[in-house]
Amino acid sequence: MERGNVLVIGNSGAGKSTLINSVLGDEKAKTGYGSSGTTDKLEIYESEEIPFRIIDTIGFEPSFIKEHKAINAVKKWSKDSAKKGKEDSEINLIWFCVEGTTSKLFPKTIKDLSKATAMWKTVPIVVVITKSYSVPERELNIKMVKDAFAMQKRHSKNLKDIVPVVASIYTLNDTAFAAPEGITELIDVTNALMPEGIKAGANDVYKFKLKRKKALAQSIVAVSTTAAVSVGAITIRFADALILSPIEVGQINALARLYEIDNSMESKQLIKSIVEVGTVSTAAKAVISALKAIPGINIAERMLNSIIAGAIVAAIGESSIYVFEKVYTGEKSVEDIEWVKKIMEAKLSPQFTDRVITIVEKISKSDNTKDTGKLISSLLSMVFTTKAQKEI
Ligand SMILES: Nc1nc2c(ncn2[C@@H]2O[C@H](COP(=O)(O)OP(=O)(O)O)[C@@H](O)[C@H]2O)c(=O)[nH]1
Ligand SMILES: [Mg+2]
């Protein structure tokens, strides 16, 4: 496959590697260029499914010498590839990575990055604002990048887009996190800027994005489940299941946003019907009474609460992914509340009890007393999220 080349530059620690991982996912190939451990080493990533390779300048650091070496390595790579008769040896797009948490430095960083990439006079640039954890700051950060470019002599015409991203979930505290953001947007923007003839077709990009969305969605569910497990360990009565509500709502909203569910009344109604916590304590009670009927199960109440709390959040996450994906692909509409209710019921009824009991049995047999929280979370994500789609 002929490919375009995306050059990624940004100071070390800016989040380049994390970003590339998030954009390409696990099924990517990595090749090194240059000798390892030096500043002129490049890492080059590609995926079968998308026609651009991503070149990571791992040695790029805010020092003239190191920047220079990293850029020279890119030039050299480009020349070497051309020698080998590869037509696709030129840089087609540059991602400037700037850290969203350090916006005061944008003018300086952008100036430095522009200087370092001066030789690519007409190559389009996309600024990726990494670590954009703060939602309210995103607009302001975009404006600051624009202003910083406006002050440049160099490159100011090459700026094609500015994309704030959270490449992997950022945990703020026990129950709050910054959800992945901007990754599939960056895939779209990047593909659109590839040369004609190389660009992926709309359908291929769509399929690729769907896979990426699923992986990011599962990471949201995993983090939410872990949060519920730790909250479950400190709450005693399941009548208080409302305490899970912020985690559930946070999870569902993050998933809805990831699947581009709009803000209409119908969508809100759909989300509300997923959130309805009424089923939660019913589901919890069903598990507890089913457990009583099983002889020989010995498990601390705290641990049981943890498992049930985590399981509820995992089940809600799993069903939300299923529902939102169907809406995203157009197979279902946000108006189909009855269908959603059926899915939720299926997820939180006998099947739910069975899955939780499986986990309880495993935990009660385990002699690992340290880190039970981790054990619970990993069992939950095994039992719930990985076989998410098969069962409905
Ligand atoms: N939670 C979270 N951490 C991030 C994100 N981006 C970068 N980091 C962290 O920031 C640090 C530097 O990131 P890395 O990708 O290695 O930066 P690089 O030197 O530019 O490749 C690592 O500890 C990453 O885990 C993100 O989107 N979310
Ligand atoms: Mg790196």
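Good morning. Two strands are taken as paired here if DSSP finds at least two bridges between them. With that settled, let me turn to the structure, which is a predicted model.

I begin with the sheet. Seven strands form an open sheet with mixed pairing, and their order is β2-β3-β4-β1-β5-β6-β7. At the edges stand β2, residues 28–33, and β7, residues 159–164, each of which pairs on one side only. From one strand to the next, the twist averages 25 degrees.

Within this sheet, consider β1 and β4. Strand β1 covers residues 4–9 and strand β4 covers residues 50–56; the two pair in the parallel sense over five bridges. In this pairing, L7 has I55 of β4 opposite to it.

Next, the helices that pack on the sheet. Helix α1, residues 16–24, touches β1, β2, β3 (42–47), β4, β5 (93–99) and β6 (125–130). The direction of α1 makes about 165 degrees with that of β4. Helix α3, residues 106–116, also packs on the sheet, where it touches β1 and β5. Its direction makes about 155 degrees with that of β5.

Let me stay with α3. Which of its residues are buried? They are F106, T109, I110, L113, S114 and A116. Viewed down the axis of α3, these buried residues fall within an arc of 165 degrees, and therefore they line one face of the helix.

What, then, covers the buried residues of α3? The cover includes the strands β1 and β5, together with the helices α2 (64–83) and α4 (137–150). Thank you for your attention.

How values were computed: Residues numbered from 1 in each chain as written. Chains lettered and ligands numbered in written order. Predicted model: local features only at pLDDT ≥ 70, side-chain atom pairs only at ≥ 80, totals over all residues. Helix = DSSP H or I, 4+ residues; strand = E, 2+ residues; numbered from the N terminus. Axes fitted to C-alpha atoms, helices over the stretch in contact; angles between N-to-C directions. Contact = placed C-beta atoms within 7 Å. Buried ≥ 20, exposed ≤ 12 C-beta atoms within 10 Å, placed from the backbone. Arc of directions from axis to C-beta.
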